[in-house]
Amino acid sequence: MSIGTVSFAGGTLSSVGAVNLGSRINIIAPGSGNPGGGTILVNSGSLGVGTVNYATALGLTKTGSGTLAVGGQINSNAGIVGALAISQGTLKLNAPAGTANRVGTLTVSAGVTLDMAADHFVIDYSAGNSPFNTVKTLVASGYAGGAWTGTGINSSTAAAIAVSGAHKTAVGYAEASAVGLTSGFGGVTTDADTVIVRYTLAGDANLDGQVGPPDFQALAANFNQTAGIWSGGDFNYDGTVNALDFNLLASNYGAPLPSPALCTLVPEPVAASILCAAALSVRRRRHSVV
Ligand SMILES: [Ca+2]
Ligand SMILES: [Ca+2]
C-alpha cells in the first residue's frame, strides 16, 4: 500500500504491516477541535515515510516496537522548532546526503533507538535547555563497545562498517558553539543554542567529516582528562581522553568518510608510521608555539 501526503493535526496513524507513505507527513498547526502534532504507532515491522515537515512547535511521537523509517528530511520550518519523541521501538533516519534533520527537542526513551544511519541531526534548543548531556549519554549507549548496536542513539551504517570496514565510523556530537557551526549546518539553521549530532569518521572531533590536524589538536589539548566529550577527543565514549582515542583518530587520519557500499573496497589503513608522523608533526608545531 502506498499513500501520498498525510497531514497530522492530532491523532494516531497505526500500522501493523509494511506501509510506505510515499510523499510527506505534515505536522500542521493546531486548529479548532484538534491539538496539533500526532503519534505514529508501528506495532511491528517497518513503516516508511517521506519527509516530515513541521509547521508547528508541537510534535511527532513514535510509539510501538516496530521501526519508523524516514526516507526524507525531518525539518522544522524557519522559526519553528518542532518536537520529536521516540517513545518505543526505532526511528531510522535517511535524509538526502548533505542535508541535516532539524528539531527543537528530541526525546529518546529508555531502551529505545534513534538510528542515525549516515545522517546529520540538529537540535536547536531554547537557551538554557541544552540536551548536550542527554545526547552524550544516548550516543555512549548506542556505541555498545564499538558495535553500534546499543539502544539510545546508534547508527546502522556505523554498525555495518564496524564489522568489515577499515576506517571505523561513529556518531559524533558537539555544542555548535564548540565546533564553530553556529551559522548553519547541512542546509538548516543553527545558532549558539544548538547541539549537532552527525555520522562521521571516528576521530572527527570538529564534525567536518574529515580527520586532520584540528581533531588531533582537540585530542592533544584534552589528553588524560577524565571529563571527556566527543569534540574534546573522547572518541570511544568512556569519558577519558587517552591512547584508545588517539588510536581511533590515527587509524582514520586523512581517510575518506566511507559508506556501507564502499567499506569493502577501502584499502587497509595508511601505514601507522605515516599516521604517527603526521600526528607528531602537528604536535611538534603545537609545542613550538607553546
Ligand atoms: Ca575533523
Ligand atoms: Ca576515551
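Some housekeeping. This is a predicted model, where local features need pLDDT of at least 70, side-chain atom pairs count only at pLDDT 80 or more, and totals for chains, interfaces and linings use all residues. Residues are numbered from 1 along each chain as its sequence is written, while chains are lettered from A and ligands numbered from 1 in the order in which they are written.

Okay, the overview. The protein chain has 5 helices and 17 strands; those are DSSP runs numbered from the N terminus, helices being H or I with at least four residues and strands E with at least two. Of the 290 residues, 44% are buried. Buried here says that 20 or more other C-beta atoms lie within 10 Å of a residue's own; exposed is 12 or fewer, partly exposed is in between, and the C-beta atoms are placed from the backbone. Among contacts between residues at least 6 apart in sequence, 54% join residues at least 24 apart.

Let's start with helix H1, residues 132-143. H1 has 12 residues and reaches 16 Å from its first C-alpha to its last, close to the 16 Å expected at 1.5 Å a residue; that expectation is 1.5 Å times one less than the number of residues. Its buried residues are Val135, Lys136, Leu138, Val139, Ala140, Gly142 and Tyr143. And what covers them? The cover for the buried residues of H1 includes strands E12 (105-108), E15 (152-154), E16 (169-175) and E17 (194-201).

Just after H1, Ala144 takes a positive phi of about 50°. Further along, in the loop between H1 and E15, sits Trp148. Trp148 isn't a glycine, yet it has a positive phi of about 60°. Trp148 counts as buried because 27 other C-beta atoms lie within 10 Å.

Now for another helix pair. The axes of H3 (residues 213-221) and H4 (residues 243-251) come within 11 Å and cross at roughly 175°; axes are lines fitted to C-alpha atoms, for helices over the stretch in contact, with angles from 0 to 180 degrees between N-to-C directions. So H3 and H4 are roughly antiparallel, the label for angles over 145 degrees. Asp215, Phe216 and Leu219 of H3 make the contact with Asp245, Phe246 and Leu249 of H4.

In the loop between H3 and H4 we find Asn224. Again not a glycine, Asn224 has a positive phi of about 75°. Is Asn224 buried or exposed? Exposed, because it has 9 other C-beta atoms within 10 Å.

Last, two in-between residues. Ser177 lies in the loop between E16 and E17, and is partly exposed with 15 other C-beta atoms within 10 Å. Setting aside neighbours within four places in sequence, Ser177 is in contact with Thr182 and Ala192. Thr67, in strand E7 (residues 67-70), is also partly exposed, with 18 other C-beta atoms within 10 Å. With the neighbours within four places left out, Thr67 is in contact with Val42, Ser46, Gly89, Thr90 and Lys92.

Notes. Contact = placed C-beta atoms within 7 Å. Parallel < 35°, antiparallel > 145°, perpendicular 65-115°, else oblique.
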